[in-house]
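Please have the structure open as you read.

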Amino acid sequence: MTAEHIPCNVVVELLTDYLDGGLDAATAVRVENHLALCPPCLTYLDQLRTTIRGVAALPVETLSDGAIAELEAAFRGFHTPDPLQ
């Protein structure tokens with residue numbers, strides 16, 4: 001992998017942080033450069049955005065307090081390794 005190129009499987013791992021603005025500027029540019037040349041990854045990004053909008057539209061009260069607590073506990077300890085390392 002060159003300094004400029006990021007493979008598709010790594011881009012997919014970075015897209016959530018990319019959408020959240022959580023990538024450093026250099027990595028964000030590398031992701032954007034990849035997306036500009038990779039229609040499948042761009043399609044995946046569009047699907048991810050659609051999913052996020054759909055989930056955001058769900059009423060909060062559809063989850064019980066217990067379900068919210070379980071989800072928060074599950075995600076609290078979740079850390080993914082840096083895919084660029």
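Which residues of α2 are exposed, on the other side of the helix? They are A25, A26, A36 and L37, where exposed stands for over 50% relative accessible area, buried for under 20%, and partly exposed for values in between (1.4 Å probe, protein chains only).

Before going further, note that this is a predicted model, in which local features need pLDDT of at least 70 and side-chain atom pairs count only at pLDDT 80 or more, while totals for chains, interfaces and linings use all residues. Residues are numbered from 1 along each chain as its sequence is written, and side-chain values use heavy atoms, leaving out hydrogens and water.

Helices here are DSSP runs (H or I, at least four residues), numbered from the N terminus. The side of α2 that is buried holds T27, A28, R30, V31, H34 and L35. These buried residues line one face of the helix, because they fall within an arc of 160° seen down its axis, the arc being that of the directions from the axis to the C-beta atoms.

| α2 feature | Value |
|---|---|
| Residues 25-37 | 13 residues |
| First C-alpha to last | 19 Å |

At the start of α2, a side-chain oxygen of D24 comes to within 3.2 Å of the backbone nitrogen of A26.

The buried residues of α2 pack against α1 (8-20) and α3 (39-56). L35 touches V11, L15, Y18, C41, L42 and L45 (heavy atoms within 4.5 Å), leaving aside residues up to four places away in sequence.

Technical notes:
Helix = DSSP H or I, 4+ residues; strand = E, 2+ residues; numbered from the N terminus. Expected span 1.5 Å × (residues − 1). Polar contact = N/O pair within 3.5 Å; in protein donor to acceptor, adjacent residues only side chain to side chain.
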